Amino acid sequence: MRLEKSSRTKGRAAGAREEEKSTPPARKKVLIDRVIQEIEHLPTLPHVVMRVLSMAESPKISALELSKTMDQSLAAKVLKMANSAYYGGRDRKINSILHAIVMVGFEAVKEIILTTSLFHTFHDARDVQALQPLWQHSMECALIAKRLAWIYRYDSLDEAYLSGLTHDIGRLVIEQYFSDQYWEIEEKREAGMDLLEAEKEVLEITHAEIGGKISERWGFPANLVDSIAHHHDQGWTVNPVLGKILHFADQFTLGQITFSGMLEAFSKESMNYPATWDSSDLESVEQILQEEMAKAQSMFTLATDKSPNTNPPPSP
């Protein structure tokens, strides 16, 4: 995925890269902060994303109000995904957001809205495909984080989902605006260096810190910004519960921790699954998490499909 740059921003970004080559390491972080702020075209997420997040605090928000927040293009993408075979669309035709909620459920529709909103914002399908491993990992992390939020009774499943979906957005910015440094970081990783150490050595800032700055600029709630900015270093100060959910979801989807190891890690953090669950329940939960990982591939394919929608959605 590549963010489209205006000619003026191209010059600024290129100039920043040249300046960085001759800039002492101590000034690199300041330089990157300035570049991030100067990226005038950096896309903003559709307003519907914040409406979905606010529903946890304002349950009176209706499905009709939610549907009115979407423009026709985004609504078409949501309906196309809801009509896919993955969501059982072979046997019926969904022609409105309200109908989608009835047919596939409100939780599923909110997942679709959050996912398609992000891909709708970064709409260059060729670049999305080029970075498929990173995007697919983000979708896996989103689905697992949402499940973990349910298991550990976090009050906003949507926040957990969005935290997983956007937690690595900083890596995309590094790849786009600091391409030389991006490949230098990748070379260091291939040589065995830890990702964060490589980023610090090359840029004096990590992708997690950049992601925190971007999510703050997007107007995300403070606890969501905090969880994204510290999903590696665990330095949460706003809402450690969400931070731990994202941190362990990230580790689990990367294969850095097993299911049983994850449960033990949560337990050490005084977060426990329901006491009534037995070994059979835990086996079922592990199976569900594996199914969610597989689901990410299908959702990625649907979210990045740019073939035209044959039936544009009617106005709500």
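Modeller: In this predicted model, a residue is called buried when its relative accessible area is under 20% and exposed when it is over 50%.

Colleague: How many of the residues of helix 15 are buried?

Modeller: Helix 15 runs over residues 222–229, and the residues in it that fall under the 20% cut-off are Asn223, Leu224, Val225, Asp226, Ser227, Ile228 and Ala229. Their cover includes helix 3, helix 10, helix 14 and helix 16. Helix 15 is therefore mostly covered, under the cut-off of 20%, and the number of its eight residues that are buried is seven.

Colleague: At what angle do helix 10 and helix 15 pack?

Modeller: On the side of helix 10, the residues in contact are Glu159, Leu162, Ser163 and Thr166, and they meet Asn223, Leu224, Ser227 and Ile228 of helix 15. By class, this contact is made up of three nonpolar, four polar and one charged residues. The crossing is right-handed, and the axes lie 10 Å apart at an angle of about 40°.

Colleague: Which exposed residues does the face of helix 12 turned away from its buried side carry?

Modeller: The buried side of helix 12 holds Gln181, Tyr182, Ile185 and Glu186. On the face turned away from that side, the exposed residues are Trp183, Glu187 and Glu190.

Key:
Residues are numbered from 1 along each chain as its sequence is written. This is a predicted model: local features need pLDDT of at least 70, side-chain atom pairs count only at pLDDT 80 or more; totals for chains, interfaces and linings use all residues. Side-chain values use heavy atoms; hydrogens and water are left out. Buried means under 20% relative accessible area, exposed over 50%, partly exposed in between (1.4 Å probe, protein chains only). Helices (H or I, at least four residues) and strands (E, at least two) are DSSP runs, numbered from the N terminus. Axes are lines fitted to C-alpha atoms, for helices over the stretch in contact, and angles run from 0 to 180 degrees between N-to-C directions. A crossing is left-handed if the near helix is turned anticlockwise from the far one by less than a right angle, and right-handed if clockwise. Contact means heavy atoms within 4.5 Å. Ala, Val, Leu, Ile, Met, Phe, Trp, Tyr, Cys and Pro count as nonpolar, Asp, Glu, Lys and Arg as charged, and the others, Gly among them, as polar.
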